[in-house]
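Subject: Structure for your review

Dear colleague,

Please find the structure below, together with its sequence.

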Amino acid sequence: MTSHAAGLALLFQIVSFPSLGEVVGGPSLGWVFDERLKVFRSMVGPVGTASLSKAVELPLEVLWGAPSPRQDYLFVLSAPDGQAVVLNPTTGRWVARPVAGSLSRPDRVVLSPGGEAAVLYYRQGHKVQAVVGLPQAPRVSAEFDIGGIGEAAAELAVSDDGAALLVWAQEEDSGKLFLFRAGDAPRLLTAMGPQGAVSFLRRSRDAVLADRRRHELVLLRDVTGAAQRVVLAGEAEGISEPVAIGVSADNQWVVAANAGAATIAVADLKGYSLRLVACQCEPTSLHPMNRNFLFRLVGSSSDPVLLIDAGGPVPRVLVVAHPEYEIGEEARR
Amino acid sequence: MRMAASVARRSRSWCVVLACSIACDAGWAQTGAQVRPGGRLDIELAGWSPKPVFLAKHLVQGPTAKVTDENNRPVAGAVVMFEVEPRSGVTFTNGGTSVTVTTNARGEAQSESLRLSSSLDWLDIRVTASHGALRATAIAGLGPVPFPSPGIPGWAKLLIAGVGAAGGILAARAISSENETIVEFGPGVVDRPRR
């Protein structure tokens, strides 16, 4: 760590830890959090022949974690109390920064599309905390009471500036999308099905949503203004029970995972084209990796780690090699 | 051993997946890969707000769709269909749950008004524009929409007032006949005096 960084660490009471791992400093494609073993692995190598490393050594024990969309930090809930902490890789070290003002043990953490903000959702108190200043000075900037809009928040999305929060409220057999902004009353944007996914575009007030029941991908233009909705693709074009959605780093493409057809849809946000590719998996979520058009597809626990490379003329589904796959669960760590 | 067999099974399974993926890719390449043809339409719901604009009792203004092409030029002659869900209880003024309008030279198509039968939490109006092989869909949301309570006709108001006044006079007479002081607060409303 440089003396400048050390000074900053002292100034903000940041604790830095020496790293024992071999991959601090940035893997080529990003990190993957192993939910079962509570460890991060790095994904290395060219896209076509990527593989996962052994568990990365971290300075603290982790209950849950997620890499940032740009793969420049890890957002974790530390053991044993579930404190939100940001882990920054610096030269040879991890720097841990607790999120100032955050409550412990959120039920869900959602990062903004560019990773500059996040939201922490607490189901018990119907509360959401917005976090800004990521990754260098993470702090809670606003708190929202979402108790008045329904039983539970099925999905959440936050804009990169942390100022706009979308909450997909689940009702018995339907859902509603609400916009929350600090100081404003919640605003109903649309009624939808009970399940799906929603995400802002990077550094934008536009958002995309996948409506599982209506089999549609929808672009919401300017959610804090007119909030006009344009259907990007529907059932006739191969969208079938979409459950996950992601946006390319350049905001040009949206990628959706169709649970109904076991396919991945790649749609041009300008509405010119839509491409489908079979994944033969049970997709549940999509996570951006360290390339513009590269996403990690999370499926059922028996599925291997998959990558969606949407950058070429034809989208590709790639299996990521896991060097410890044949050894057995006990030896993975 | 069981684990190794399981892994082997899974590995075989994923070889098949890869092969299929490659085959699918090849298929896409041969068929042009794209579901949607070249060019595009765009729909702008200019000036639309979810807040209802009542034109008359139970009648709410519908959206206007502006249809443009990929160069943002208005598309004249595009067929625009406005639809509401049949179970919503809302119809257009034509009595149906959909209405079709052709865009004018400015690329605009104005929907008919919407007739309500009850209050609405939320209503989606689906707007689909078609022009040649091109198609685009937008959704206009409306809500919440209060259902205006039926007004009381003038003759009924007069009748109610008359009945009320007559009741008050009768009550006053009845109490006066008992030689008591009456304090009137309005027609039909009396306060019994303290003894």
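Is Phe40(A) buried or exposed in this model? The model is a predicted one, and in it Phe40(A) has 25 other C-beta atoms within 10 Å. Because the cut-off for a buried residue is 20 or more such atoms, Phe40(A) counts as buried.

Phe40(A) lies in strand S3 of chain A, which covers residues 39-44. Apart from its neighbours within four places in sequence, Phe40(A) is in contact with Trp31(A), Val32(A), Phe33(A), Ala55(A), Val56(A), Leu58(A), Gly65(A) and Leu74(A). For one of these, Leu58(A), the C-alpha atom is separated from that of Phe40(A) by 8.5 Å, and the two residues are 18 apart along the chain.

In soluble globular proteins, nonpolar side chains tend to be buried together. The largest nonpolar core of this model has 134 residues, and those with the most contacts inside it are Ala118(A), Val119(A), Leu166(A), Val167(A) and Leu217(A). Strand S11 of chain B, residues 134-142, supplies the largest share of this core, namely six residues. As for Val167(A), its contacts, leaving aside neighbours within four places in sequence, are Ile146(A), Ile149(A), Ala153(A), Leu156(A), Phe178(A) and Phe180(A).

Chain A also holds an open sheet of four strands, in the order S9-S10-S11-S12, with antiparallel pairing. Strands S9 (108-111) and S12 (139-145) of chain A are at the edges; each has a single partner strand, so one side of each is left without a neighbour in the sheet. On average, neighbouring strands of this sheet are turned by 20° against each other, direction ignored. Within the sheet, strand S11 of chain A (residues 127-132) pairs with S12(A) in the antiparallel sense over six bridges. Val128(A) stands opposite Phe144(A), a residue of S12(A).

Finally, some remarks on confidence. The model scores ipTM 0.76 and pTM 0.77. Chain B has an average pLDDT of 72, with 57% of its residues scoring at least 70. Over residues 1-35 of chain B the pLDDT is below 50, and this stretch has 32 contacts in the model beyond near neighbours in sequence. Residues 175-195 of chain B likewise stay under 50 in pLDDT, and the model has 24 contacts for them beyond four places in sequence.

With kind regards

Key:
Residues are numbered from 1 along each chain as its sequence is written. Chains are lettered from A and ligands numbered from 1 in the order in which they are written. This is a predicted model: local features need pLDDT of at least 70, side-chain atom pairs count only at pLDDT 80 or more; totals for chains, interfaces and linings use all residues. A nonpolar core is a set of buried Ala, Val, Leu, Ile, Met, Phe, Trp, Tyr and Cys residues joined through C-beta atoms within 7 Å. A residue is buried if 20 or more other C-beta atoms lie within 10 Å of its own, exposed if 12 or fewer, and partly exposed in between; C-beta atoms are placed from the backbone. Helices (H or I, at least four residues) and strands (E, at least two) are DSSP runs, numbered from the N terminus. Two residues are in contact if their C-beta atoms, placed from the backbone, lie within 7 Å. Two strands pair if DSSP finds at least two bridges between them. Axes are lines fitted to C-alpha atoms, for helices over the stretch in contact, and angles run from 0 to 180 degrees between N-to-C directions. pLDDT is the predictor's confidence in each residue, from 0 to 100.
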